[in-house]
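Me: I would like to go through this model term by term, asking each time what a label rests on. Please set each value against its cut-off.

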Amino acid sequence: MTLPATMTAIAIRAPGGPEMLVAEQRPVPAPGLGEMLVKVAAAGVNRPDVMQRLGLYPPPKGATDIPGLEIAGTVMACGSGVTRWKSGDHVTALVVGGGYAQYCVAVEGHALPIPPGLSAVEAAAMPETVFTVWHNVFERGGLKAGETLLVHGGSSGIGTTAIMLAKERGARVIVTVGNDEKAQACLKLGADVAINYNTQDFVAETRKATANKGAELIVDMVAGDYIQKNYEAAAMDGRIVQIAFQRPPKATVDFRPILMKRLWHTGSGLRPRPVNEKAAIARALEENVWPMIARGKAKPVIYKTFPLREAAAAHALMETSQHIGKIVLTV
């Protein structure tokens, strides 16, 4: 299969607004040991991409400067050591960068087959969110059937995925959202309670929804003053998992609830994780989540798609926070 020498990719001209995303010609990358080259059909848009564009989330050492952390497409070439995939296979993959392009390199163990019945757009909307949700809600957060999960940003890609996976595994789900339309969308997906943080106090509403017990697990992407509120909303022996910082990462906090409630506050980032750890999450997803998708119990919520060259418009939409579910670029 003959590959072109160059491809269209979206570069970040300089740190700044969405207009800093520009299409340019780049060499088609070559897959190295344990890697494959994927012809990208679609690429998911995520908050970390926005943070990278703003200059606040640089790619790991050695990674491409092209943004984009999740893709779906067709394997075009395999580097040495690749045994599972071959040219022509349709995959979705978590990548360390480079998704906003016509071709992208993926690590063999970070790719999964596109589940039957899912389009490339739907498949591209999954890796960043399902890897994050599975690891932080179930592996790190240890959510069990019968427990209550509180998810901030319930209408985001992370939030909508967390609702479906947690409900399917027997948990109760409370979400916080910014308006009533988002609340209704989350309830329709299966959330038990949706709290509008602009008109309601999520601590009081969480306690009310749990007979004053609180949530056993809280997944937070906000930080700032939410750190203290999470401690107040948590149940005895509750777990709080920090996955991002949309508000300042520094806050003045009263830590007494950690002692009084025996709380556990942890966090994790996905992009800098070692290759073998991300591969282990991929195996867990194929074993636990892919059958759920095959049974129709979970499916990515797609809000809007944009052609690759309109990546700036996709980022502008993400920054309005109007979307419910995922924004995806089509290539």
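Me: Why is Arg-247 called partly exposed?

Reply: Arg-247 has a relative accessible area of 34%, and the scheme calls a residue buried under 20% relative accessible area, exposed over 50%, and partly exposed in between, with a 1.4 Å probe and protein chains only; Arg-247 therefore counts as partly exposed. As background, this is a predicted model, in which local features need pLDDT of at least 70 and side-chain atom pairs count only at pLDDT 80 or more, while totals for chains, interfaces and linings use all residues. Residues are numbered from 1 along each chain as its sequence is written, and side-chain values use heavy atoms, with hydrogens and water left out.

Me: What makes the pair of Arg-247 and Asp-225 a salt bridge?

Reply: A salt bridge is a side-chain nitrogen of Lys or Arg within 4 Å of a carboxyl oxygen of Asp or Glu, and the N to O distance for Arg-247 and Asp-225 is 2.7 Å, so the pair meets the definition. Helices (H or I, at least four residues) and strands (E, at least two) are DSSP runs, numbered from the N terminus. Asp-225, at 39%, is partly exposed as well.

Me: Which residue forms a salt bridge with Lys-167, and how far apart are the closest N and O atoms?

Reply: The partner is Asp-192, with the closest N and O atoms 2.9 Å apart. Lys-167 belongs to helix H4 (residues 157-168), whereas Asp-192 sits in the loop between helix H5 (180-189) and strand E10 (193-196), 25 residues apart. With relative accessibility of 30%, Lys-167 counts as partly exposed, and Asp-192, at 33%, falls in that class too. A search of the whole structure finds 18 salt bridges.

Me: Why is Arg-309 called exposed?

Reply: The relative accessible area of Arg-309 is 58%, so it counts as exposed. Arg-309 is in the loop between strand E14 (302-307) and helix H11 (311-320), and it touches Thr-8, Ile-10 and Ala-23, residues up to four places away in sequence not being counted; contact here means heavy atoms within 4.5 Å.

Me: What makes a set of residues a nonpolar core, and how many residues has the largest one?

Reply: The term requires buried Ala, Val, Leu, Ile, Met, Phe, Trp, Tyr and Cys residues joined through side-chain atoms within 4.5 Å. The largest such core has 59 residues, and Phe-131 and Trp-290 are among those with the most contacts inside it. A second, separate core of 21 residues includes Val-45 and Tyr-103.

Me: How many cavities of 30 Å³ or more does the structure hold, and what makes a space a cavity?

Reply: There are 2 of them. On a 1 Å grid over the protein atoms alone, a cavity is a set of points where a 1.4 Å probe fits but cannot get out, and lining residues have an atom within 4 Å of a point. Grid points are joined across faces, edges and corners, and a volume is the space filled by probe spheres set on the points. The largest cavity has a volume of about 110 Å³, and of its 17 lining residues, Met-126 and Lys-299 are among the closest to its centre. The second largest cavity holds about 40 Å³, and its lining includes Leu-94 and Glu-128.

Notes:
1 Å grid on protein atoms, 1.4 Å probe; cavity = no way out; pocket = protein on both sides within 12 Å on 5 of 7 lines; lining within 4 Å.
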